[in-house]
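My entries follow in the order in which I made them.

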Amino acid sequence: MEVFRIRGGASLRGEVRASGSKNATLPAFAAALLTAEPCIIENVPELSDVRFMADILVHLGAEVEKLGPGSWKVTAAEVSPQAPYELVRKMRASVCLLGPLVGRLRQARVALPGGCVIGQRPIDLHLKALRALGCEVEVEAGDVVIQAKGLHGASLFLGGRHGTTVTGTANALMAAVLAPGTTHLESAACEPEITDLCQMLSAMGAQIEHTGSHHLVIQGVESLKGCRHRIIPDRIEVGTYCIASAITKGDVKVVDAEVSHLGAFFDKMKEAGLNFEEREGALRTRVHPDGLRPIEVTTLPYPGYPTDLQAQACALACLAPGPSLLTERVYPNRFMHVPELGRMGAEIGIEGTTAIVKGGAKLHGAPVMASDLRASAALVLAALAAEGETWIQRIYHLDRGYEQFDEKLRSLGAEIERLPAEAMPESFQIPQSELITS
Ligand code: EPZ
């Protein structure tokens with residue numbers, strides 16, 4: 001186990017490069033199962049989730065080869081339909097194997113994803129879509145078991161109680177591209193990661209219309225071919241570095257960012273007092289001379305404010321003078337960062353699905369616990385702004401979704417070190433028995 005030791009106070013300055021998007025990479029790897037021909041996927045981030053997905057594809061019989069930095073080749077000449085629990089439980093996103101296995105093999109057996117600290121993660125909409133496409137779906141001993149000899153195009157509505165589903169749309173897409181007939185996906189997710197998947201599938205020979213909209217129309221084809229696909233930049237990583245600049249009163253540039261993916265984020269962060277400049281492909285973030293301001297944020301499916309940047313905005317709001325409100329419409333309980341920020345001096349109340357941040361906090365370092373990927377990022381941001389030393393445990397959560405997080409932050413002047421857990425003061429150590437491994 002490793003920990004971060006962070007000494008707060010430095011204003012971050014300099015330039016970092018946005019890595020490829022984790023949430024575009026995972027469905028892209030799954031999509032490579034749709035053809036027996038090799039798929040070359042580039043700009044892939046170095047993340048534990050990517051390595052997990054590669055391991056699962058190998059288990060399914062695919063040949064997975066890393067060609068060089070960020071470049072992978074997946075050749076699924078022969079594929080088995082079974083993705084076992086011991087692999088799937090490590091990463092929920094493996095649920096997006098269902099679609100390609102159904103599309104390619106007309107059958108699938110994938111363990112149901114386990115629980116998740118950010119809240120309910122049902123897959124009812126995924127299964128509704130697959131049933132509409134002609135799949136027989138059973139749940140047997142914790143596995144989703146699908147037979148789809150009669151796979152066919154269908155018109156279906158994908159919206160649920162919290163709006164669209166990103167990986168649900170990915171699954172429906174990857175089954176429909178090889179389903180005879182026409183499929184209409186209404187209320188499809190239109191996150192940039194879905195648009196990126198549509199572009200990869202089209203490069204493989206899929207017929208998809210209205211890419212980027214909430215209504216996708218797919219004409220099924222007989223088979224798909226290999227492709228070369230470049231993953232889009234990670235908009236959530238970019239947003240995290242923008243907030244890192246602001247929370248430390250710094251001046252950070254992010255290169256290779258795709259600013260068109262961050263409309264709602266820019267809108268809200270300008271209200272918070274951030275100034276953005278885009279010059280020669282670099283996105284520069286500084287705080288307005290008048291300083292930070294309180295904000296009201298509600299997370300929504302794209303193009304609304306992204307839930308994956310809610311915790312980071314919450315950390316920033318702790319420093320703004322006056323109360324801020326952050327409401328979750330995607331994951332109502334996604335506030336694991338709140339008690340840990342409280343240990344650093346923040347005053348945040350939770351009313352239903354809204355965090356009420358008192359603001360004006362003087363954050364101080366403390367031993368804190370990472371819980372999920374984005375909550376952990378919020379703790380790092382708070383630690384960078386806090387007075388004194390913060391120890392963050394269970395940083396494996398961060399390694400799932402932030403490539404070289406500590407290296408990139410150090411290159412901007414942050415005092416952050418990755419150390420073995422034993423380096424922590426005795427009093428901060430948690431007995432192994434209490435550690436929840438996930
Ligand atoms: C994707 O998860 C992302 N993960 C998440 O990012 C992201 O937070 C989420 O989309 C929302 O943007 C990947 O792409 C790998 P959803 P996904 O299905 O697809 C409900 C991160 O930090 N729902 O869009 O699992 C669900 O409970 C991760 O990078 C149903 O009710 O999310 C939630 O409230 C965390 N039934 C809402 O919809 C379903 O069948 C959005 O879920 C499916 C979802």
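**Entry 1: a covered helix**

I began with helix H10 and listed its buried residues, which are Gln 310, Ala 311, Gln 312, Ala 313, Cys 314, Ala 315, Leu 316 and Ala 317. I took buried to mean under 20% relative accessible area, exposed over 50%, and partly exposed in between, with a 1.4 Å probe and protein chains only. Helix H10 spans residues 310-317 and is mostly covered, since eight of its eight residues are buried. I noted that helices (H or I, at least four residues) and strands (E, at least two) are DSSP runs, numbered from the N terminus.

Before going on, I wrote down that this is a predicted model, in which local features need pLDDT of at least 70 and side-chain atom pairs count only at pLDDT 80 or more, while totals for chains, interfaces and linings use all residues. Residues are numbered from 1 along each chain as its sequence is written, and side-chain values use heavy atoms, with hydrogens and water left out.

**Entry 2: the backbone**

I then turned to backbone angles, remembering that most residues other than glycine have a negative phi, and most peptide bonds are trans. The peptide bond from Tyr 302 to Pro 303 is cis, with omega near 10°, and I found Pro 303 in the loop between strand S18 (296-299) and H10.

Ser 187 has a positive phi, near 60°, and is not a glycine; I located Ser 187 in the loop between strand S11 (182-186) and helix H7 (192-203). With a relative accessible area of 18%, Ser 187 is buried. Arg 394, also not a glycine, has a positive phi of about 60°, and lies in the loop between strand S23 (389-393) and helix H13 (396-399). Its relative accessibility of 12% makes Arg 394 count as buried.

**Entry 3: the ligand**

Which residues are the closest to the ligand? I wrote down Leu 125, Thr 165, Thr 167, Asp 308 and Val 330, out of 24 residues that surround the ligand, where near means that a heavy atom of the residue lies within 4 Å.

I looked next at polar contacts, which are pairs of N or O atoms within 3.5 Å. A polar side-chain atom of Thr 167 lies 2.6 Å from an oxygen atom of the ligand, a polar backbone atom of Val 166 is 2.8 Å from a ligand oxygen, and an N or O atom in the side chain of Arg 161 is 2.9 Å from one. The ligand taken alone exposes 830 Å², of which the protein buries 92%; these areas come from the Shrake-Rupley method with a 1.4 Å probe.

Helix H1 (22-31), helix H5 (124-132), helix H6 (166-176) and helix H12 (373-385) are the elements that give two or more residues to the shell, and H5 gives the largest share, three residues. I also noted that the shell draws at least three residues from each of domain 1 (2-19 + 233-434) and domain 2 (22-230), with bounds from an automatic or database domain assignment.

**Entry 4: the cysteines**

How many disulfides does the structure hold? I found zero, a disulfide being a pair of cysteine sulfur atoms within 2.5 Å. The sulfur of Cys 198 is too far for a bond because the closest cysteine sulfur, in Cys 190, is 10 Å away. Cys 227 is in no disulfide either, and the nearest cysteine sulfur, that of Cys 39, is 4.2 Å away.

Note on methods: A polar contact is a pair of N or O atoms within 3.5 Å; within protein, one must be able to donate a hydrogen and the other to accept it, and residues adjacent in sequence count only if both atoms are side-chain atoms.
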